[in-house]
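Biologist: I would like to learn how to read a model like this one. Please take me through it feature by feature.

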Amino acid sequence: CTFEMFMDACKKEAIKQYPTVYTVSINDADQLVVTGTYQPMRRTFSLRSSENAMQNDILYIPSVIDGKKVVSIEANAFRNNEGIKGVIIADGINIIGDYAFAGCVNLEYVIMGSVSEVGEGAFSDCCNLEFVTLPENLLEIKQYTFQNCSELKSVTIPESVQRISSSAFEGCYGLSSVHICNMDSWYNISFSSYTANPLYYA
């Protein structure tokens, strides 16, 4: 099957088998910011502690929780969580905070939905990350976003991207293919250094 079919199947499986309780905060606009999560059928633990790995494999973050719109994922929310193998973010969530999933060493794939901003180092040191779908409205791939994702095999650069910052793909030595959606847009991308270009590693 295609990669898209695989991702769709993963999303359906996550919704069906992995009911999840989220910890959230409410912003000034009465919208939710996801600050962490835990599997209610297992023991509870500190979401910020690397010593207490989350038990469920697939982390699905919906766009609405308890009737309130979810707009972002907090910086460092799932950092160093060794229990996550897949992340699926529903359409409607706008922001992934800085280092939100950094150090998730067992993370293998990420589906970002309609996210418009991915924070600095958001997936850095995810050494088993192989597949990622970048959202079509993403404007910038920030510094350290995929740093040391040594197993990342393929990346598709949406035509919306205008800038790729330094070290965004540093250490991605497993990168074998870079898919460019629009060549005209590609030529207009601002690279902060020659090593910011993923083609340097592919």
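Biologist: Which residues are linked in a network of salt bridges?

Modeller: First, the ground rules. This is a predicted model, where local features need pLDDT of at least 70, side-chain atom pairs count only at pLDDT 80 or more, and totals for chains, interfaces and linings use all residues. Residues are numbered from 1 along each chain as its sequence is written, and side-chain values use heavy atoms, with hydrogens and water left out. Now the criterion: a salt bridge is a side-chain nitrogen of Lys or Arg within 4 Å of a carboxyl oxygen of Asp or Glu. The network here joins Glu130, Glu151 and Lys153.

Biologist: How far apart are the closest N and O atoms of Lys153 and Glu130?

Modeller: They are 3.6 Å apart. Lys153 also bridges to Glu151, with the closest N and O atoms at 3.8 Å.

Biologist: Which parts does the pair of Lys153 and Glu130 tie together?

Modeller: Start with the element rule. Helices (H or I, at least four residues) and strands (E, at least two) are DSSP runs, numbered from the N terminus. Lys153 sits in the loop between strand 11 (140–141) and strand 12 (154–157), and Glu130 in the loop between strand 9 (117–118) and strand 10, so the pair ties together parts 23 residues apart in sequence.

Biologist: How accessible are Lys153, Glu130 and Glu151?

Modeller: Buried means under 20%, exposed over 50%, and partly exposed in between (1.4 Å probe, protein chains only). Lys153 is partly exposed at 31%. Glu130 is partly exposed at 25%, and Glu151 is partly exposed at 35%.

Biologist: How many salt bridges does the rule give?

Modeller: The count is four. One of them pairs Arg163 with Glu140, with the closest N and O atoms 3.8 Å apart. This pair links distant parts of the chain: Arg163 is in strand 13 (residues 163–164) and Glu140 in strand 11, 23 residues apart. Arg163 is partly exposed at 33%, and Glu140 is partly exposed at 26%.

Biologist: Now the sheet. What is the order of its four strands?

Modeller: In general, strands of a sheet pair through backbone hydrogen bonds, either parallel or antiparallel. The pairing rule asks DSSP for at least two bridges between two strands. Here an open sheet of four strands runs 3-6-8-10, with parallel pairing. Its edge strands are strand 3 (58–61) and strand 10 (131–133), each pairing on one side only. The twist averages 10 degrees from one strand to the next. For such angles, axes are lines fitted to C-alpha atoms, for helices over the stretch in contact, and the angles run from 0 to 180 degrees between N-to-C directions.

Biologist: How many bridges join strand 8 and strand 10?

Modeller: Strand 8 (residues 109–111) and strand 10 pair in the parallel sense over three bridges. Tyr109 stands opposite Phe131 in strand 10. As for the whole chain, it has two helices and 15 strands.

Biologist: Which residues have the most contacts inside the largest nonpolar core?

Modeller: In soluble globular proteins, nonpolar side chains tend to be buried together. A nonpolar core is a set of buried Ala, Val, Leu, Ile, Met, Phe, Trp, Tyr and Cys residues joined through side-chain atoms within 4.5 Å. The largest core has 45 residues, and Ile96, Phe123, Phe146 and Phe169 have the most contacts inside it. Strand 3, strand 5 (68–73), strand 6 (86–89) and strand 12 each supply at least two residues of this core. A second, separate core of six residues includes Ile58, Ala90, Tyr109 and Ile111. Across the chain, buried residues make up 46% of the 202 residues.

Biologist: What does Phe146 touch?

Modeller: Contact means heavy atoms within 4.5 Å. Leaving out residues up to four places away in sequence, Phe146 touches residues including Met112, Phe123, Leu129, Val132 and Phe169.
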